[in-house]
Amino acid sequence: MRVIISGGSGLIGSALGKALIADGHEVIFLSRNPDKVKDAPAGVKLRKWDGESAEGWQDLAQGDYALINLAGETIAQRWSKDSKQAIRQSRVNAGKAFMELVNAAEVKPRVLIQSSAVGYYGTKTGDAQVTESFSPGNDFLAKVCFDWEISTAPASKLGIRRPVIRTGIVLSTEGGALPQQLLPFKLFVGGPVGSGNQWYPWIHLDDEVRAIQFVLTNDKADGPFNLTAPNPVTNKEFGKLVGEVMGRPSVMPAPGFAMKTIFGDMSLLLLEGQRAVPQKLLELGFKFKFETAQAALRDLLGDKSSTAPSAPNGNGAAKSEPATAEKAIVGEEVKQ
């Protein structure tokens, strides 16, 4: 099957493209600047698009094909008036481009997968287990997710199967949030963010890709799906697990007011969360490879808890410990 992906050069798209190629699919990434995409998986084809129309790639709509819309301006930036507009508009425009193609194409896609996020539910869900039946929230990110999802909603009226993937925090050492979260732990100052009681709806990158492949090929997969692991943890619990796996302390909290000062409104991504659970994936029989955060972190980081190095002593010097590759990495980061 031909799989056309917007936003394919990102963390999820790159891993997904590689997996689809391995499964024997033809994979095409849509890119504003194909010449600048240097790390596309081997075998992936690139096609230029403008991000808001079907101009220049209409000819791809033939045979047995699928569309996956992952495109959108990164939300990991300080939210100014202009950046908020770009975050929303980039997503709505990408959906508009997909619908322009679908409406004009004589051959309709087998499936259109629309990307979204668990931010759809807002930040006021508390400790409730958030399933796909929950209503959308009212904050900025929730409204962005709502608009993102409805940008391709007309496809359903044309009889096209349209899974909507509401993704949580994707764990990977290759990108996303995890590498930034690890630095304080490497420097012996890791700990919870804010109160630490906010939920952390995580998913291992491998399971994210496997879940997208699952909804791509399962004819029963339609409508919204939470792409999160079945066992969410609080931010405090997650930090504790990171410390245990890395052999580092996890007792130094990052105050909420400091996060707000540094990141502005975007700090809600760090200070709030949803206890999202993948009810519909589980009902369809999807099997997670990594069901617990501990298993995911051990896979990504290795388990160093049994050989944990000592924390710095009172005068700032580290106690004697064997030289390791991880110690060298910490040293390089300190120098930078």
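This short talk walks through one predicted protein model, from its central strands to its rings and one of its pockets.

Hi everyone, and thanks for coming. Two notes on the ground rules before we start. Residues are numbered from 1 along each chain as its sequence is written, and side-chain values use heavy atoms, with hydrogens and water left out. Since the model is predicted, local features need pLDDT of at least 70 and side-chain atom pairs count only at pLDDT 80 or more, while totals for chains, interfaces and linings use all residues.

Let's begin with the strands. When I say helix or strand, I mean DSSP runs numbered from the N terminus: helices are H or I with at least four residues, and strands are E with at least two. And buried means under 20% relative accessible area, exposed means over 50%, and partly exposed is in between, using a 1.4 Å probe and protein chains only.

Please find strand β4, residues 65-69.

Who are the neighbours of β4? Two strands pair if DSSP finds at least two bridges between them. Strand β1, residues 2-6, runs parallel to β4 and is joined to it by five bridges. One place to look is Arg-2, which stands opposite Tyr-65. Strand β5, residues 111-117, also pairs with β4 in the parallel sense, over four bridges.

Now follow the chain from β4 to β5. Together with helix α2, residues 81-104, these two strands make a right-handed β-α-β unit.

Next comes strand β6, residues 163-167, which runs parallel to β5 and is joined to it by four bridges. Gln-114 has Val-164 in β6 as its bridge partner.

On to the aromatic rings. Rings of Phe, Tyr and Trp (for Trp, the six-membered ring) pair if their centres lie within 6.5 Å; planes under 30 degrees apart count as stacked, over 60 as edge-to-face, and the rest as tilted. How many aromatic pairs does the structure hold? There are eight. One of them is Tyr-200 with Phe-238, a stacked pair at 4.1 Å centre to centre with 20 degrees between the planes. This pair links distant parts of the chain, since Tyr-200 is in strand β8 (residues 199-200) and Phe-238 is in helix α7 (residues 235-246), 38 residues apart. Tyr-200 counts as buried because its relative accessibility is 4%, and Phe-238 is buried too, with a relative accessible area of 3%. Elsewhere, ring pairs link Trp-49, Trp-57 and Phe-98 into a cluster.

Some rings also have a charge over them, which requires NZ of Lys or CZ of Arg within 6 Å of the ring centre and within 35 degrees of the ring normal. The charged end of Arg-166 sits over the ring of Tyr-120, 3.7 Å from its centre. Arg-248 lies over the face of Phe-188, at 4.5 Å from the ring centre. Phe-188 is found in the loop between α5 (178-186) and β8. Its phi is near 65 degrees, a positive value in a residue other than glycine. Phe-188 counts as buried because its relative accessible area is 17%.

Last stop: a pocket. On a 1 Å grid over the protein atoms alone, a pocket is an open set of points where a 1.4 Å probe fits, with protein on both sides within 12 Å along at least five of seven lines; lining residues have an atom within 4 Å of a point. Which helix gives the largest share of the lining of the second largest pocket? That is α1, with four residues. Helices α1 (11-22) and α6 (205-217) each supply at least two lining residues. Among the lining residues are Leu-11, Lys-18, Asp-39, Glu-174 and Asp-206.

Terms used
A crossover is right-handed if, with the strands pointing away from the viewer, the path from the first strand over the helix to the second runs clockwise.
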